[in-house]
Amino acid sequence: MAGLGSKSHTVYFGDNFDDVTNAVGNPSRANTIYDPGPLEFNKTYYWRVDEFDIFNTHKGDVWSFTTAGPGGGVKGNYYRGTDLRDLVLTRTDPQINFSWGGGSPDPLINVDLFSARWTGEVEAAFTETYTFYTMSDDGVRLWVDGQQLIDDWNDHGDIENRGKIDLVAGNTYSLVLEYYENVGGATAQLRWSSPSTPKALIPQAALTLPVKSGSPHPPNGAVDVKQTPILKWSVGEDAVSHQVYFGTDQDAIRNADTGSTEYKGTKALGSESYDPGELEWNTTYYWRVDEVNDVNPDSPWVGNVWSFTTANFLVVDDFEDYDAGENQIWYAWHDGLGYGTPGTPDYFAGNGTGAAVGDETTPSYTEETIVHGGNQSMPLSYNNNILKYSESELTLTYPRDWTEKDVNTLTIWFRGNLAGFVEEPAGTYTMTASGTDIWDTADEFRYAFKQLSGAGTITAQVLSVENTNGWAKAGVMIRETLEPGSKHAFMDITPGYGASSQVRNTTDGTSFQMSQTGITAPYWVKLERNAAGYFTGYYSADGVTWLQVQDTTPVLISMSQNVYIGLAVTSHSAGVTCKAEFSNVKITGSVSPPMWTHQAIGATMPSNDPEPMYVALNGSAVVYHDNPDAAQIDTWTKWNIDLQAFADQGVNLTNVNTIAIGLGDKKNPQTGGSGTMYFDDIQLRFDR
Ligand SMILES: [Ca+2]
Ligand SMILES: [Ca+2]
Ligand SMILES: [Ca+2]
């Protein structure tokens, strides 16, 4: 601000206090802005402003400031593909402020299908609640101090997400931002605000490379943690070893040094884990990991104090400890696929059942999106098509005593998927489907079909179509092949745009449609292929009076003699499931076989066939879920089993050897169906 009555100003600027104090003779200026140009890192600069009021020059005080250190910024790891695996490039980014648009972060990286993980530390200037904001296209996840604040790992255009955390002035906190770009535009920006911090990009001066230990596991503040956790953390940039502190007294952990009883020893680089043994129930533990490198004068880098609280019940498995390293989920939960290489140690050929656990496409090999507690659950695919049951079995290390503290109930949380296609009651068909659309040059939908030779018709009453999008579609289709770009004719009912008659008349070609608005389910649809190869779509309010969509005429589509004919549903929203119901389905012409076949076209879609679900202890004591269709419950559901049910089958509850989860008839395997289940939070509780 200009001094009272001043007319012009003279600025003196430099990195030497005496020079700036004694300088004279610079040109005066009228404005009150001075741009010193680019400055050096981590350097103190001095400046002085003199005011001239026609009569006199009033010499100003000398002020100073210090620029951010060269460590300012975060470490950016850039990966090919969207799953943070195929590392291409590592660099220091001064801020996270990228608007790549249709471009890419680096010539080494394509404009689409890449991912990035930024790690660093962020220093708080105030003891306040901070809000962190991501602006991203596409998916993003943010952790601060090991706490996940943002989880939006989905395709989308520019979207702002936010999360809050309490920070303490002068402390630094680990920062991890994960990001992926699928296709189209690409943006990644990180902002913050607090009551004393206007919302802005997090400045370089507040960011440093990750020199401290970070990403604590269990996450800082976690509750219901199992009594035998393995503590893990991420490595500081310059560390060659780690010093671990662990105990129940927060202050003692904060103040501990290598002479304290809380000091648990040193871990070498590459061994970022600590096993504290069996812990008490319902107790809060504190821990700290200092990063060490004796040749670096800044060492040790003292870690933050983290905490977690153990559960007030026994945790058999919460699936939080599995990773893509030494603790892969299928090493613990044996399935039909097995692991390893024949002839080398740690090989398991598989248990001969139709079960497959885990997910090789996620960073932890566990399910990370559909979870009940924490961040991970166990996906279990079952396939009982060839006289099989499907089972995954865990050999227990702890807990084996299932009578500790009088626990009497085994609790398992599970989630299945709806059926893709089911006839119930007879003549009523319920279908579920995801998929982007049946449109353009390729389709994503579920198709229930038979084969038609030559001319024929299909009629159906569309009872309902869930409104997952105004352009979700349920109707009748005749299709040349089961490929996504197949020629077809389709007559459907939408939730928002009426009845639609559409065709693709060349393979992998464009789609065309005409619609009749003002129509919603329940409504009838019919599709006809005549002997000359012309297709006509009709709709009807009552199944008696049939109308063609305005301005449509029969369309010639040259298809093979043998085609597919059936029911088609798309949600018009990838990853979202649409349910539709049909009745009065009738097909005329030369059709075979009598049974329906259904499959997802152009995309994978979850769909579970009903199979009985069971838990087995010690391989032979089996308890089934009451609901034979439990696999088709698509919300997280708690399953309580009285432990007496196992004791009655001869299990010694003081020393349980194995627990298995399965689908199918374990004792008398039948030809059955397939699907995917999710399991989480297997616990032993006292419950009366
Ligand atoms: Ca792109
Ligand atoms: Ca994009
Ligand atoms: Ca979990």
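Me: How far apart are the calcium ion (ligand 1) and the calcium ion (ligand 2), and what coordinates both?
Reply: They are 5.2 Å apart, and E181 coordinates both. This is a predicted model: local features need pLDDT of at least 70, side-chain atom pairs count only at pLDDT 80 or more, and totals for chains, interfaces and linings use all residues. Residues are numbered from 1 along each chain as its sequence is written, and ligands from 1 in the order in which they are written.

Me: Which protein donors does the calcium ion (ligand 1) have?
Reply: V111 (O), D112 (OD), E181 (OE) and G184 (O), at 2.1 to 2.4 Å. Donors are N, O and S atoms within 2.8 Å of the metal (3.2 Å for Na, K and Ca); water is not among the atoms, so sites may look incomplete.

Me: Why does E181 count as buried?
Reply: Because its relative accessibility is 0%. Buried means under 20% relative accessible area, exposed over 50%, partly exposed in between (1.4 Å probe, protein chains only).

Me: And G184, what does that count as?
Reply: G184 is partly exposed, because its relative accessibility is 43%.

Me: New topic. What are the protein donors of the calcium ion (ligand 3)?
Reply: D318 (O), E320 (OE), G373 (O), Q376 (O), D680 (OD) and D680 (OD), lying 2.3 to 2.8 Å from the ion. Along the sequence, the spacing is D-x1-E-x52-G-x2-Q-x303-D.

Me: Are D318 and E320 buried or exposed?
Reply: Both D318 and E320 are buried.

Me: What separates the centres of domain 3 and domain 5?
Reply: 59 Å, taken over C-alpha atoms. Domain 3 covers 214-312 and domain 5 covers 421-601. Those bounds come from an automatic or database domain assignment.

Technical notes. Heavy atoms only, no water.
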